[in-house]
Amino acid sequence: MKRLLLLAPLFLLIVSCGEMDSDVELLQTFPYTVIDSMGNTIEFTEAPQRIVAYDAGAVETLFAIDEGERIIATHSFVTYPPEVEQIPKVGDAFNLNIEKVIDLKPDLVYVFSETFVPQLTNAGLKVLYIKTVDHNFRSTTDMIEMWGQITGNIDSANKLSKSFDEQISRIESKIGVVESKSQFSILQDVGQFWVPGADTLMGEVFNLLNVINIAEDVSGYGQISPELIISRDPDILITADANMWFSDIRFANISAVKTGKVYKLPSDKLSVAGPRFVDGIEELAILIYPELFD
Amino acid sequence: MNYPWKRLILFLIIVLIVVIFSLGIGSVKIHPMDVLGILISKLFYLDVAWEWSDTMEIILWEVRLPRVLLALFVGASLTVAGSIYQGLFRNPLADPYLIGAAAGAVLGATIAMLVLSLSSMVDLLSISFFAFTGSLITVLAAYLIARSSGGIQTYPLILSGIALGSFAAAISTLIMIRSDPDLRPILSWTLGSFAGARWTHVVIVSVVFCAVLPFGLVYARILNLFQLNEEHAKQLGVNVERSKILMIVVATLVTATAVSFTGLIGFVGLIAPHTVRLLWGPDYRVLIPMATIIGGGFLVLADLAARTLFLPNDLPVGILTALCGVPFFLYLIRQRNF
C-alpha cells in the first residue's frame, strides 16, 4: 500500500507531462450523472463505446461533436448525416426491435419515448430516456452539452452549443427591427390541412421569427378546416405542395397565394431537433425576410 | 296500398332545412342573410340588394356547400346500400361497414393512390373504380364464406364481413406504412372525414347515387318477396340469382364511390333503415326512399358536429357515426333474436 501511495505522485507527474489538456478534462468529466425523464439517475463512469442512438437528434449531435463512431445502431427514419447509411437499423421511429438491440450488446441505449424503457432495462441494458418531444428548440443546446459530457468530449460540445446560441442571437437581432404592427401571419400545412399549433417546435420557431401562426389555438398538430385557413388569411404558407395552393380556386384569395409567398422548406433541418435545427430556422428566416438576410 | 307520399315529402323538406341550417354554421361565421344571398346569386344568377365579401363567398360556395352536399349524398348512398344489403342477405345487421364493403373499397383506393395522383377527374374516377373492385371482392368473399357455412344466416355474414374488413384494413395500413411518407395522411381514412370535400367529389358521388337509387326502388318489390321466401319469389317468375348479383353490384358500387372520397364511415347504413323499420314497418318500397332521406340528413348533422364541436380542430366524422351507431347496433342485437 505504501508503495502505491509513493508511486501516485510520480504517476500524476508523468500524466501532466504528457497531453495535459485533454487528460485533465477527462478527470473532470467522469463520473457524470444525468437525471432521465422518469426521474432516474443514470451514472456514467466512462464514455460508452457502443451506443444505440434511437433518435435522429441524438445521432446528428453525436456526429456533429465528432463522436459518431460510437453509434452502433439507430432507426430507419434517421437520414442525416450521410454516414448513417452504414449504421445498422433496429426498427423505425415507432417500433424498436428489442431482440436486435440486446443482441448488439450496447453499453448505452438512448430512447426518446418511454414505451421500450422497461423491456430494455429488464434485459440488463443501460438505458437513457429523455422525453425530447416536450423540449423547446432551445433545449437542443442542453442535449448537445449532455452528449459532450457522456462522451467526454466537452470541448467540442461546448463549442457547438455556443455557436448554436450565437446563431440564434444573430437571427433574433436581425429580426428585432421588425415592428409588431407589420408582422406577417403564417401557416404550415404538413398535408391534408394538418397544421402545427403554438406548442410545437414549429410554433416556437414562428414565435422566434416574429410571425403570427394563424393556427396558434391548435394544440399540438391538428387538422383544421379550409374555411379557417381562408378566413384567417395567412400572408405566408409553408407546404410541401405549393402547386396545390396555387391551383386550387378555394385559396385564390389568400394573401400568401396572391403575393406568391407559398414556400416549400428548402431542407428537412426543421424536422429534427438537432444541431442543424438552427440552420433550418435561418433558412425559414431568409424565406420570410429576404431583405434582412442579404 | 296507400303510399305515404306526404310523409316522404315532409322529410325531404326537413332534410333540405337541415342542409340550409348547417350551411349557416361553421368555424367561420357567415350571416344567414349572406348565406341566402350567395346561394341566390350563385344558383339563379340573380343580383341581391346586399353585399358580402369574396372570402365569405369562397368559404360558402367552395368549401362549406360541397362538404355539406357530400355528407348528404354519402349518407344517402351508404343508406341505400345498407337497405339493399339487408334485404338481399335477409340480414338486419348488414351495414356496408360491417360486411367489409367499406374496408375493401379503402384497400382498392389505397392501391390506386400508389400509382395515381389525386388531381384530375380521370384519376378520381379510376380511384372509384379500384375502390369498387376491392369492395366487390370483399363482399362476394364474405357472402360466399357465409353461404358455405350453411345458408345466409345473420351472424356468419357479419363475422366474415368484419374479419375480411379487418384483413383489408390491415393490408391498406401496411401499404401506407411501407410506401412514400406522402401516403400516410390517408391513415386518417380508417375514420372517414369530409374535410377534403370538393365539387368534383360531389358530382361523382351524386351521379352514382342517382343512378343506383332507381334500382333500389324498382327492386324493392323483389326485396319484399325475399323477406318471405326465395322459393316464393322464384314461383312468381323472379330470376333470383340474377337479381341478387345485380343488387350486390349496385349496392357495392354506391358504397365504394362514397367511401373512396371520404374514408370509412360506419353504421349510417344501419341506423337509418332500422329507424324507418321501427317506425313504419319493413316494406322496402317505403323503407328505401325514406331511409335514404333520413340517412342523408343524419350524416349532414353528424358532420356539422364533427366540424364545430372542437374548434379549431376538425374531427373525423367516422368517430361520431360510430359513437351513435354502436349503441344502436348493440340495441338491435339485444332486441331481436337473430
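Colleague: Why is D303(B) called buried?
Modeller: The term applies under 20% relative accessible area, with exposed meaning over 50% and partly exposed in between (1.4 Å probe, protein chains only). D303(B) has a relative accessible area of 1%, so the residue is buried. This is a predicted model, in which local features need pLDDT of at least 70, side-chain atom pairs count only at pLDDT 80 or more, and totals for chains, interfaces and linings use all residues. Side-chain values use heavy atoms, without hydrogens or water, residues are numbered from 1 along each chain as its sequence is written, and chains are lettered from A and ligands numbered from 1 in the order written.

Colleague: What makes the contact between D303(B) and R67(B) a salt bridge?
Modeller: The rule asks for a side-chain nitrogen of Lys or Arg within 4 Å of a carboxyl oxygen of Asp or Glu. Here the N to O distance is 2.8 Å, and the pair qualifies. The partners are 236 residues apart, with D303(B) in helix α11 and R67(B) in helix α3 (residues 54–88) of chain B. R67(B) is buried because its relative accessible area is 4%.

Colleague: What else does R67(B) meet in a salt bridge?
Modeller: The side chain of D314(B) lies at 2.9 Å, N to O. D314(B) belongs to the loop between α11 and α12 (317–335), so this pair ties helix α3 to a part 247 residues away in sequence. Both R67(B) and D314(B) are buried.

Colleague: Why is α10(B) called oblique to α11(B)?
Modeller: The axes of α10 (residues 268–280) and α11 of chain B come within 8 Å and cross at roughly 130°. That angle makes the pair oblique, because under 35 degrees is roughly parallel, over 145 roughly antiparallel, 65 to 115 roughly perpendicular, and the rest oblique. The crossing is right-handed.

Colleague: What makes up the nonpolar surface patch?
Modeller: W5(B), I9(B), I13(B), I17(B), F21(B), I25(B) and L301(B) form a patch of about 700 Å². Helix α1 (residues 5–23) of chain B gives the largest share, 5 residues, while L301(B) sits in helix α11 (residues 284–308). With a relative accessible area of 40%, L301(B) is therefore partly exposed.

Note on methods: Patch = residues over 30% accessible without salt bridge, like charges linked within 9 Å, V, L, I, M, F, W, Y side chains within 5 Å. Areas by Shrake-Rupley, 256 points an atom, 1.4 Å probe, with all protein chains shown as cover. Helix = DSSP H or I, 4+ residues; strand = E, 2+ residues; numbered from the N terminus. Axes fitted to C-alpha atoms, helices over the stretch in contact; angles between N-to-C directions. Left-handed = near helix turned anticlockwise from the far one by under 90°.
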